[in-house]
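Dear colleague,

Please find the structure below, handed over for your records.

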Amino acid sequence: MVLRCTSLISQRKITISGSKSISNRLLILQSLFPNITIKNLSTSDDTRHMSDALQSSSKKINIGHAGTAMRFLTSFFSIKKNSIVEIYGSKRMHKRPISILVKSLKEIGAEIEYLENSGFPPLKITGHKLQSKKLKIDSSVSSQFISSIILISPKIEGGLEIEMTGKDTSLPYIEMTIDILKKIGVSATFQKNIISISQKDKINSIEMTVEPDWSSASYFYSIVSLAEIGYSLELSNFKSYSIQGDKRVSKIFELFGVKTTFLDESICLEKIAESEKIINLDLSANPDLAQTIAVTCLALNISCKLIGLHTLKIKETDRITALENEIKKFNVSPMVTNDSIEFNASKAIFKATKILTYEDHRMAMAFACLAVKTNLKIENPGVVCKSYPEFWDHLASIGIN
């Protein structure tokens with residue numbers, strides 16, 4: 001796909017679908033408590049994979065690239081009595097570690113086998129009753145391991161207590177999971193590093209409306225930051241209160257001169273000032289914003305240092321290496337570690353460039369914002385369907401065609 005932008009169209013309104021993080025959590029809970037009704041479900045492939053797996057009668061479940069589905073379903077099928085399933089996915093999925101989750105589930109009685117390499121999918125899971133216990137789980141690798149177990153905890157007799165050990169990673173996603181449990185009527189506490197979830201056999205019928213996705217909104221923050229002062233866009237259905245940690249994007253992009261105005265049923269993004277010249281951020285709580293922020297710094301010819309990125313090594317691709325490779329194409333030489341990326345883009349050169357996406361939706365969408373500066377060719381544009389199928393249509397609506 002070749003992207004070109006002759007002129008950005010201002011004052012457009014864009015409607016982004018429901019958060020896939022919230023949607024996937026609610027789908028698991030709906031399978032445990034069928035009297036939950038969900039509105040504004042995410043249109044993403046990840047959510048479709050989750051929904052299909054939960055409704056499938058097959059003993060073999062293919063979740064493709066959907067890492068959240070792999071982790072959440074591992075716990076779900078562990079507690080589903082009288083079920084035997086095999087879960088597998090893409091080649092990349094079979095290289096993404098899952099041993100911390102499997103070990104923790106086995107400690108409370110789960111029956112899980114590795115079908116190929118120890119510590120990695122695919123898995124064979126035999127479901128039965130699990131035991132109440134105090135678990136210690138390493139929280140430094142992925143918050144999804146902990147969220148996965150939290151989601152099934154109400155169905156464990158006696159509930160569950162989890163002690164998080166190691167450096168907190170993507171903590172807002174754990175807080176999101178607990179917040180959702182509370183909203184449906186489950187007693188849950190999170191104090192210091194101890195999570196306690198009470199048993200809950202039944203809940204009252206409840207309708208849950210999924211917030212639009214703040215991670216997806218980040219790409220429009222990037223585009224506005226690259227526009228002329230005075231340019232504005234409106235994003236529908238966003239509110240000032242959110243359980244998504246990536247709402248932090250509205251504060252971060254103040255550094256790039258973007259003002260967020262919260263209206264009754266939407267937010268208005270407006271470029272009101274020039275960007276700071278140096279951006280230093282710890283994104284350990286918001287790693288999904290890293291690519292967007294790095295590409296924005298590149299486009300604005302400023303210095304960038306992002307830390308707290310260790311989880312990016314085990315995402316859809318090694319995102320740190322992928323960023324390094326693609327940023328180099330613009331005459332910039334990033335310095336990277338397993339936890340960080342740093343570069344000075346003052347001498348960046350922008351010309352028609354082919355961007356490789358590494359089968360990673362966020363690589364495609366983050367670099368697409370560069371079309372405001374230069375023509376781009378995006379390899380495998382369909383990869384955006386993993387989280388945001390409408391992305392290219394929404395870009396076209398504001399003049400990036």
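Does Cys385 count as buried, exposed or partly exposed, and at what relative accessibility? Cys385 counts as partly exposed because its relative accessibility is 25%; buried means under 20% relative accessible area, exposed over 50%, and partly exposed in between, with a 1.4 Å probe and protein chains only.

This is a predicted model, in which local features need pLDDT of at least 70 and side-chain atom pairs count only at pLDDT 80 or more, while totals for chains, interfaces and linings use all residues. Residues are numbered from 1 along each chain as its sequence is written, and side-chain values use heavy atoms, with hydrogens and water left out.

The structure holds zero disulfides (pairs of cysteine sulfur atoms within 2.5 Å). The closest cysteine sulfur to that of Cys385 is in Cys369, at 17 Å, too far for a bond. For Cys268, the closest is likewise in Cys369, at 18 Å, also too far.

Two serines may be described next. Ser215 is part of helix 7, residues 214-226 (helices are DSSP runs of H or I, at least four residues, numbered from the N terminus). Ser215 is buried, at 5% relative accessibility. Its side chain forms a polar contact with the side chain of Asp246, at 2.6 Å (a pair of N or O atoms within 3.5 Å; within protein, one must be able to donate a hydrogen and the other to accept it, and residues adjacent in sequence count only if both atoms are side-chain atoms).

Ser23 belongs to helix 1, residues 20-32, and is buried at 0% relative accessibility. A polar atom of the Ser23 side chain lies 2.9 Å from the backbone nitrogen of Ser42.

Yours sincerely
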